[in-house]
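I opened the model and kept notes as I went. Each entry below covers one thing I looked up.

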Amino acid sequence: MATPDTDVRGHVTVTDVDLYTRMLLIRRAEERLIVACADGSLPGGVHLYIGEEAVAVGACAVMTDRDYVTSTHRGHGHFLAKGGDIDAMFAEIWGKATGICKGMGGSMHVADVSKGILGANGIVGAGFAIATGAAWGAKLAGEGRVATCFFGDGAANQGSFSESMNVSAAWELPTIFVCENNGVSEFTVTSTVTGGTLVDRARAFMPATVVDGNDVHAVRDAVGAAVERARAGGGPSYVEATTFRIRGHLEAEQHMLGGGTYRSEDDVTAWQADDKDPLPRLAARLLADGTCERAALDRIDAEVRARVEAAVAYAEASPPADPDLAPQIMFGPTA
Ligand SMILES: Cc1ncc(C[n+]2csc(CCOP(=O)(O)OP(=O)(O)O)c2C)c(N)n1
């Protein structure tokens, strides 16, 4: 079933400029959140995805709105990559009534079911079972949808990881497990609390592969193969994307660390280099293959920055969230 943005096999057709623009939107949006967080504009904390944009954008490039994704506490990138609206996301982060969850969820709960975004989640590892359930529903409905679960290397040490892979494999569900392996879990180096390798765990259940998570094409191609297999009834897959988070676990983490460190500044600097950072890497390719001139990239940047500022203005001008909604959310509409 072809739609305007899918080809005859149902594959999404996304150009390299689209990929670049979407990654840049995430980057500029989050750079703006750094400022907003530091100047006290935000009612809560934010966990930033800067440096990992190629994972969400590469993976979501091979899905349609009808496919599902589950996200993490670091969910802005997944939301925007899957086509979520930046105005509604910023209003949510600013705690406003126009937010995508009416300002009741905040940064860690951005969701838009109309786009298949089943939600960011403050509970580490919660997405495994949610995605598996969505995949089961998709299989029963027989409409060829897939459910992709984004999760971190830290989350992979939750028991629900194996449980969800087991059920997905046993019932041949269209679940795609996309591990964002950035090497750290909050303030812990993941290898110090992890036995064996994550990809070997996954291999016990399903086809599993490791890709360069800062290469948007590598992610897109690996997840694309997994989506194709899942749509054809071939069951689940695991794709591990090696990447790095440039910012701290959350903004203002230095106040929690009290002077302590858990990774070296040299590592951070190395991953910010042009041959590592996913954005300069794709920009270099666009310039080298003649897709874009530097002026065109600059124009995209100006447009993206303007879009982000418009979202800030929208969030700031919106009315605050309605506190009367809180008991309804906690206890149901009759409370
Ligand atoms: C069930 C649960 N346990 C612990 C936490 C505290 N916590 C928040 S993020 C995090 C680490 C997550 O690491 P990872 O899954 O690798 O994601 P990353 O932050 O690296 O993107 C932890 C332990 C939590 N939110 N939920």
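Predicted model: local features only at pLDDT ≥ 70, side-chain atom pairs only at ≥ 80, totals over all residues.

Cysteine 37 is in none; its nearest cysteine sulfur belongs to cysteine 101 and sits 19 Å away. I then checked cysteine 60. Its closest cysteine sulfur is in cysteine 149, 12 Å off, which is too far for a bond. My cut-off for a pair was 2.5 Å.

**Confidence.** I looked up pLDDT next. The protein chain has a mean of 95, and 96% of its residues reach 70 or more. Which element of the chain scores lowest on mean pLDDT? I found helix H13, residues 325–331, at 85. Strand S7, residues 237–242, has the highest mean, 99.

**Helix H4.** I went through residues 86–93 one by one. Eight of the eight residues of H4 are buried, so this helix is largely enclosed by the rest of the structure. The buried set is Ile86, Asp87, Ala88, Met89, Phe90, Ala91, Glu92 and Ile93. What covers them? I noted helix H1 (16–38), helix H3 (76–81) and helix H12 (294–317) among the elements that do. Just after H4, I found glycine 95 with a positive phi of about 75 degrees.

**Valine 227.** I located valine 227 in helix H8, residues 216–231. Valine 227 has a relative accessible area of 3%, so I logged it as buried. Which residues does valine 227 touch, leaving out those up to four places away in sequence? I listed Val62, Met63, Val146 and Ile176. I also took one C-alpha distance. Valine 227 and glycine 40 are 187 residues apart along the chain, and their C-alpha atoms are separated by 41 Å.

**Alanine 270.** I placed alanine 270 in helix H10, residues 265–272. Its relative accessibility is 38%, so I logged alanine 270 as partly exposed; that class runs between 20% and 50%. Isoleucine 246 is 24 residues away along the chain, and the separation from alanine 270 is 9.9 Å.

**Cavity.** How many cavities of 30 Å³ or more does the structure hold? I found one. The largest cavity has a volume of about 30 Å³. I read its lining as Met23, Asn214, Asp215, Val216, Pro278, Arg281, Leu282 and Arg285. Helix H11, residues 278–288, gives the most to that lining, with four residues.

**Second largest pocket.** I turned to the open sites and picked this one. The second largest pocket has a volume of about 350 Å³. I counted 25 lining residues, with His73, Val124, Gly152, Gly154 and Ala155 nearest the pocket centre. Helix H5 (126–141), strand S2 (147–152) and strand S4 (184–185) each supply at least two residues of this lining. Which element gives the most? I found S2, with four residues. I sorted the pocket lining into nine nonpolar, 11 polar and five charged residues.

Note on methods. Residues numbered from 1 in each chain as written. Heavy atoms only, no water. pLDDT = per-residue confidence, 0-100. 1 Å grid on protein atoms, 1.4 Å probe; cavity = no way out; pocket = protein on both sides within 12 Å on 5 of 7 lines; lining within 4 Å. Points joined across faces, edges and corners; volume = space filled by probe spheres on them. Buried < 20%, exposed > 50% of the residue type's maximum accessible area, 1.4 Å probe, protein only. Nonpolar A, V, L, I, M, F, W, Y, C, P; charged D, E, K, R; others polar. Contact = heavy atoms within 4.5 Å.
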